[in-house]
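Below is a short report on a protein model. It covers a pocket, nonpolar packing and charge pairs.

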Amino acid sequence: MASDRYRPLSGDEIDGKQDLVDLALVERRNYLHIRIIYAIVFSLSVIINVLLLISYAGSSQTSTDRGRTKYSGITFDAEIPYHVYTTYWHPNISDEVSNEAWDAIDTNPMAVSLHDEFAKEVGLGPSTRFPWDTERSIYYVKGFHDLHCLKLIRKAIVSKHNNDSQTFNLHHLLHCLDGLRQDVLCTADDTPMPALTAHHVGDGQLRQCRNWNKLRAWATRKDQHACHAFNDYREATNTLELFAHCPEDSPYRPVMEAYFEYHGHKDPYEPRDSGNKVIF
């Protein structure tokens, strides 16, 4: 009995055992291969999902930003109702009240001083150099320029209607009208406006707008404030004088003051030969 329990394995039995071992090794290798394949597939799945999340986040951010500009960074984040009648025009409002409202619109931030590096970064072309800093140029903010044009056109119409003696440069007025035309086409506002009553199209309708106060804050930032002030209704002839209004805390004020202390001031609206200017 002891000899049966401990007898040596025959050749056939050894070969059989070896076959089992080889089979086990093959199965283990196959198992490892399957695990590696699963790991690769899982990793690819994770990578794809991460990329999809990044893509979704990017598109979500874009939709949230809704027209964020590369200049001031403002976006369409303000809901503002549209009104047919305002302080700026109403059939029952006095000319004095509406004139004061229009005259109070500040368009001086129209000119900004932008650093050369920033201008290059956002793709702006060269412009007139800022007189008080050799690394900056003067640019004109479109929104403020448009408001200036609206003020000028309205002033000309009202003055003519009231038979005032003030004259206007017709070419300037037509330039403004054409600029506004181009802006309307560029904006291509597709907002459908309800019209329940004649001449009250869109009254009270909420509009998604950019925040004007944020634009003003950007344009008047201390380093970008161009020390600019002017009269919307007059034609400047000594334009350097328009940039002689640096605030007390402006970094450019010492240079500006030194210049005018040496050269003196001129009348910014000094009368000159009108040349080919057409008077309206």
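## Pocket lining

The lining of the largest pocket has 28 nonpolar, eight polar and seven charged residues. Here Ala, Val, Leu, Ile, Met, Phe, Trp, Tyr, Cys and Pro count as nonpolar, Asp, Glu, Lys and Arg as charged, and the others, Gly among them, as polar. The model is predicted: local features need pLDDT of at least 70, side-chain atom pairs count only at pLDDT 80 or more, and totals for chains, interfaces and linings use all residues. Residues are numbered from 1 along each chain as its sequence is written, and side-chain values use heavy atoms, leaving out hydrogens and water.

The largest pocket holds about 2300 Å³ of space. Of its 43 lining residues, Gly-143, Asp-146, Thr-187, Arg-210 and Trp-212 are the closest to its centre. A pocket is an open set of points on a 1 Å grid over the protein atoms alone, where a 1.4 Å probe fits, with protein on both sides within 12 Å along at least five of seven lines; lining residues have an atom within 4 Å of a point. Points are joined across faces, edges and corners, and the volume is the space filled by probe spheres set on them.

## Nonpolar cores

The largest nonpolar core has 26 residues, and Phe-130, Trp-132 and Phe-243 touch the most other members. Such a core is a set of buried Ala, Val, Leu, Ile, Met, Phe, Trp, Tyr and Cys residues joined through side-chain atoms within 4.5 Å. Buried means under 20% relative accessible area, exposed over 50%, partly exposed in between (1.4 Å probe, protein chains only).

A second, separate core of nine residues includes Cys-149, Ala-156, Cys-176 and Tyr-233.

## Salt bridges

The count comes to 14 salt bridges, each a side-chain nitrogen of Lys or Arg within 4 Å of a carboxyl oxygen of Asp or Glu. Arg-136 pairs with Asp-223, their closest N and O atoms being 3.5 Å apart. Arg-136 lies in strand S3 and Asp-223 in the loop between H7 and H8, so the pair ties together parts that are 87 residues apart in sequence. Helices (H or I, at least four residues) and strands (E, at least two) are DSSP runs, numbered from the N terminus. Arg-136 is buried at 8% relative accessible area, whereas Asp-223 is partly exposed at 26%.

Arg-253 bridges to Glu-248 at 3.5 Å and to Glu-257 at 2.9 Å. Glu-248 is exposed, at 67%. Glu-257 is partly exposed, at 39%.
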